[in-house]
2 protein chains.
Amino acid sequence: MLIVKKFGGSSVADKERIMNVARRCIEDYNKGHDVVVVLSAMGKTTDRLLEMAADINPDAKKRELDMLLATGEQTSVALMAMAMDSMGVSAISLNAFQVAMHTTSEYSNAKFKRIDTERIRHELDSRKIVIVTGFQGINKYDDLTTLGRGGSDTTAVALAAALHADACEIYTDVEGVYTADPRVVPNAKKMKEITYDEMLELATLGAKVLHNRSVEMAKKYGVQLVVRSSLTEAEGTVVKEVVKMEQMLISGVAADKNTARIAVIGLKDEPGIAFKVFNLMAAHNISVDVILQSIGRDGTKDISFTVAKTDMKDALNVLEENKDRITAQRIEADDKVAKVSVVGAGMQTNTGVASGMFEALYNVGVNIRMISTSDIRITVLINEEDVDKATRAVHDKFIPD
Amino acid sequence: MLIVKKFGGSSVADKERIMNVARRCIEDYNKGHDVVVVLSAMGKTTDRLLEMAADINPDAKKRELDMLLATGEQTSVALMAMAMDSMGVSAISLNAFQVAMHTTSEYSNAKFKRIDTERIRHELDSRKIVIVTGFQGINKYDDLTTLGRGGSDTTAVALAAALHADACEIYTDVEGVYTADPRVVPNAKKMKEITYDEMLELATLGAKVLHNRSVEMAKKYGVQLVVRSSLTEAEGTVVKEVVKMEQMLISGVAADKNTARIAVIGLKDEPGIAFKVFNLMAAHNISVDVILQSIGRDGTKDISFTVAKTDMKDALNVLEENKDRITAQRIEADDKVAKVSVVGAGMQTNTGVASGMFEALYNVGVNIRMISTSDIRITVLINEEDVDKATRAVHDKFIPD
């Protein structure tokens with residue numbers, strides 16, 4: 001079997017954890033499997049590098065940021081190879097150039113285009129464990145790119161797809177995907193299985209277990225994922241196309257505090273205004289999430305939407321600068337908000353989830369400020385202070401004890 | 001003009017120093033010059049990385065050590081590009097892959113084979129300052145290699161040669177090459193000029209201003225070097241083929257404490273024994289310096305030689321293991337020794353330097369344990385505790401106040 005195993009930054013944060021990961025990989029290797037390991041940068045390395053950069057140039061070019069950040073994973077993989085060597089197993093580290101992992105040109109947010117497998121296959125054939133830098137690639141200029149935060153998951157899935165791996169295991173500091181954040185909802189349960197689509201909604205919505213692009217790619221190439229803990233032997237959660245429904249409407253409740261609400265007030269009620277607003281956001285690389293447009297009244301309308309908290313300031317600036325062009329009377333912003341979502345493939349064939357959710361929130365006195373839905377998801381925007389209470393109430397409503 | 005400027009680790013140790021280096025490079029850029037900057041890893045980064053590696057695997061493979069160490073310069077160059085950008089100058093960082101700098105395959109001690117200049121020329125043509133990682137290269141396997149400690153000097157000279165640069169400036173924390181270490185000899189003087197050959201002897205002998213391979217390469221390709229301080233505007237020392245002799249016999253006095261003496265005692269006085277001893281050293285990559293062989297007596301002879309202090313243990317182990325093969329009765333080692341050398345092209349046409357040196361040492365009561373000479377150098381091995389006293393005495397003897 002060819003197994004791709006991905007370990008995040010906290011799993012390789014220090015010597016002991018590196019040794020622990022080395023041992024776990026060697027277990028599979030000793031069973032005769034081919035093992036490819038994908039690593040993130042150690043612990044808080046990426047944050048530390050970003051701080052160094054911001055100190056020198058707060059507006060550093062993304063090309064140079066990627067050059068800087070790429071050192072983080074290169075450090076991890078080299079140390080991991082040394083750790084495995086010290087345990088008597090032949091291992092080799094490879095960076096984005098060496099593999100090579102070709103991406104698009106966009107720095108800090110590149111997408112994989114093509115992964116060469118020749119070098120990896122060659123090293124596997126000589127019975128080495130191959131340790132690959134996550135998160136990074138090279139573009140057509142031979143420049144280093146990064147895939148954006150959490151991109152190591154995507155590296156693992158892309159490698160699993162390119163190598164036609166038999167398994168792709170994503171190791172993290174939790175034991176799998178839960179029906180809600182266990183720190184907030186004590187009776188949250190670990191799921192045995194979840195569909196790609198459900199996982200996608202959960203990842204996008206802040207469940208923080210898997211990077212959503214990795215799930216999209218896994219779905220596209222049919223790579224079955226296992227999410228499991230690097231610290232315990234527990235079985236984890238399998239992410240795949242179709243799962244047994246277990247008669248549950250809802251597979252999980254996700255909360256996301258990384259959101260801010262922008263309101264553009266008093267826009268002229270004429271065609272093309274909404275387009276102008278969101279075109280501005282797109283032109284400045286600001287992702288817009290839940291969108292709400294008021295019904296026109298007195299010839300004006302309001303548009304509100306959510307963005308990541310980190311993008312709020314940018315969004316505000318851009319809108320203020322273009323206030324006249326978009327015919328806005330005033331711009332408001334609020335970052336004391338949060339999203340709570342229920343996700344479940346069962347929703348598609350079942351009504352009443354929305355009303356059940358709203359009822360649960362009403363019962364604990366939580367005010368709903370915006371609502372957004374998809375086939376398998378209902379999201380509400382609420383005040384940030386209510387988020388734990390709301391998560392527990394919705395979880396209790398739908399997930400049987 | 002095309003100028004290659006190399007800055008060592010202490011010149012880029014923190015934000016302030018990085019900004020300072022950026023400013024100095026921009027000064028030349030603003031005069032219309034093309035500027036290529038070669039950087040080492042920041043401050044003690046390389047030592048810190050080596051410690052991390054040693055903690056995980058004291059016998060780490062050199063291939064993985066090089067993979068690890070190469071992150072140090074990549075960090076420096078990315079931050080430097082950001083610093084220059086923040087000052088409004090377009091800059092780009094390039095690592096060994098991107099340049100590309102091809103080396104031999106020997107990890108941790110690679111030699112340059114070929115440097116592609118296309119990418120650098122292209123970036124210079126678009127009026128960018130090009131910042132290149134020192135110390136590293138790539139080999140035929142696409143693996144990262146390093147040139148050994150101080151290798152960034154070699155990178156600078158190799159780039160200057162490949163690019164046919166008009167100047168190659170090596171910035172350091174001293175103002176140039178001195179007639180002796182100014183911390184030991186207060187009246188040591190900065191030299192205006194020195195020949196490649198003199199510089200080579202001084203570098204090899206522990207003057208620590210320039211890496212000797214960089215001087216060899218500069219000599220080979222006729223790259224004129226300037227050694228100067230990154231902290232002051234002082235003029236520095238020019239290293240070139242022929243200098244005005246200024247009627248000085250001796251250009252400098254170098255001391256080197258990084259030496260240990262090994263004595264192999266009671267060897268059979270027959271052909272091939274010395275060969276066996278030094279073959280063993282070569283096979284274990286131990287560089288041997290000053291060699292002394294006693295005259296045979298009673299059918300036995302002794303061989304003593306010096307090695308770097310860090311190699312002493314290895315040398316002892318290897319010799320003990322092969323004691324019978326080399327017919328040694330006993331092996332002794334002493335690391336409380338030091339070398340003091342006088343260097344000067346003037347020696348070639350002048351006698352009396354050796355006797356003058358020995359006289360100066362005798363006058364301050366320093367015992368000479370070994371002697372070694374070349375055309376332009378005389379080296380003595382003395383007790384380590386005498387090294388400062390000896391350096392001052394020899395300097396006073398030859399360098400006019």
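Biologist: How many salt bridges are there between chain A and chain B?
Modeller: In this predicted model, the count between chain A and chain B is six salt bridges. One of them pairs A:D143 with B:R119, where the closest N and O atoms are 2.8 Å apart.

Biologist: And which elements of chain A supply the side that touches chain B?
Modeller: At least two residues each come from α1 (15–30), α2 (45–56), α3 (62–86), β3 (91–94) and α4 (96–99) of chain A. The largest share is that of α3(A), which gives 17 residues to the side of chain A that touches chain B.

Biologist: What sort of residues are on that side of chain A, by nonpolar, polar and charged?
Modeller: They divide into 23 nonpolar, nine polar and nine charged residues.

Biologist: How much area do chain A and chain B bury between them?
Modeller: About 3,400 Å² is buried between the two chains, and 60% of that is on carbon and sulfur atoms. The contact takes 41 residues from chain A and 41 residues from chain B, and between the chains there are 18 residue pairs in polar contact, with both residues at pLDDT 80 or more.

Biologist: Why call α3(A) largely enclosed by the rest of the structure?
Modeller: Because 23 of its 25 residues are buried, where buried means under 20% relative accessible area.

Biologist: What follows α3(A)?
Modeller: The helix α3(A) is followed by A:G88, which has a positive phi, near 85°.

Biologist: Changing topic, is B:K6 buried or exposed?
Modeller: B:K6, which lies in strand β1 (residues 2–7) of chain B, has a relative accessible area of 9%, so it is buried, the cut-off being under 20%.

Biologist: Which side chain does the side chain of B:K6 make a polar contact with?
Modeller: The partner is the side chain of B:D153, at 2.8 Å. Leaving aside neighbours within four places in sequence, the residues in contact with B:K6 include B:V38, B:S40, B:E169 and B:Y171.

Biologist: Then A:K140, buried or exposed?
Modeller: A:K140 is exposed, because its relative accessible area is 63% and the cut-off for exposed is over 50%. Its place is in the loop between β7 (136–138) and β8 (144–146) of chain A.

Biologist: How are A:K140 and A:H102 placed, along the chain and by C-alpha atoms?
Modeller: A:K140 and A:H102 are 38 residues apart along the chain, while their C-alpha atoms are separated by 7.6 Å.

Technical notes
Residues are numbered from 1 along each chain as its sequence is written. Chains are lettered from A and ligands numbered from 1 in the order in which they are written. This is a predicted model: local features need pLDDT of at least 70, side-chain atom pairs count only at pLDDT 80 or more; totals for chains, interfaces and linings use all residues. Side-chain values use heavy atoms; hydrogens and water are left out. Contact means heavy atoms within 4.5 Å. Buried area is the accessible area (1.4 Å probe) that two parts lose on being put together, summed over both. A salt bridge is a side-chain nitrogen of Lys or Arg within 4 Å of a carboxyl oxygen of Asp or Glu. A polar contact is a pair of N or O atoms within 3.5 Å; within protein, one must be able to donate a hydrogen and the other to accept it, and residues adjacent in sequence count only if both atoms are side-chain atoms. Helices (H or I, at least four residues) and strands (E, at least two) are DSSP runs, numbered from the N terminus. Ala, Val, Leu, Ile, Met, Phe, Trp, Tyr, Cys and Pro count as nonpolar, Asp, Glu, Lys and Arg as charged, and the others, Gly among them, as polar. Buried means under 20% relative accessible area, exposed over 50%, partly exposed in between (1.4 Å probe, protein chains only).
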